[in-house]
Amino acid sequence: MELQGKIIAALEPRTGDSKRNPGEKWISQEFVLQQHDQYQRKLVFNVWGADRLQRFNIQVGQEVSVQFDIDAREWNGRWFTDIRAYDVRQVDPASVGGNGAAPTDPFPPQAPFAPAPAAAPVASAAPAADPFAAAAANTEESNDDLPF
């Protein structure tokens, strides 16, 4: 998947020791991306590895396009969702629409609804004639409402 937006926060990097390769260290950092859609939704994604962190060089305030994978995992009976970026590219801020919507936004912001114009009064028409009234008047037994 891919989203575009502005980096509004960079959380502290986390480090640790690899369980699979003793003596090897790992590093991960999370970033908050704010989209340019009508509701300005936010997304937290993480980047794993010192090489990717250095290559992407993500800074707060940058306009970026993030390609990521979404995965869920279970731990102690609870489920957690991981959004892991595999490519982050800077985007020219001028390519972001002037109204705050990204050019590729499928649902750009809309103007508020205007009230409907007042309807003109309709002249009242005569009530429709009852189609069964004439048939009932022509029969011998006008008390009977059955059609046969």
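1. Leaving aside neighbours within four places in sequence, I58 is in contact with I7, F31, F45, V47 and V88. The structure discussed here is a predicted model.

2. Several of these names return in the largest nonpolar core, which has 15 residues. The members that touch the most other members are F45, V47, I58, V66 and V88.

3. Aromatic rings deserve a separate remark. The count of aromatic pairs comes to 2. In one of them, W26 and W48 are tilted, with 4.9 Å from centre to centre and 45° between the planes. Because W26 lies in strand β3 and W48 in strand β4, this pair ties together parts that are 22 residues apart in sequence.

4. The label follows because partly exposed covers the values between the 20% limit for buried and the 50% limit for exposed.

5. The last point concerns D82, which is placed in strand β6 (residues 78–90). D82 counts as buried because its relative accessibility is 18%, and buried means under 20%.

6. Which residues does D82 touch, not counting those up to four places away in sequence? They are N46, D69, I70, D71 and R73. With N46 there is also a polar contact between the two side chains, at 3.3 Å.

How values were computed: Residues numbered from 1 in each chain as written. Predicted model: local features only at pLDDT ≥ 70, side-chain atom pairs only at ≥ 80, totals over all residues. Heavy atoms only, no water. Helix = DSSP H or I, 4+ residues; strand = E, 2+ residues; numbered from the N terminus. Buried < 20%, exposed > 50% of the residue type's maximum accessible area, 1.4 Å probe, protein only. Polar contact = N/O pair within 3.5 Å; in protein donor to acceptor, adjacent residues only side chain to side chain. Contact = heavy atoms within 4.5 Å. Core = buried A, V, L, I, M, F, W, Y, C linked by side-chain atoms within 4.5 Å. Phe/Tyr/Trp six-rings, centres within 6.5 Å; stacked < 30°, edge-to-face > 60°.
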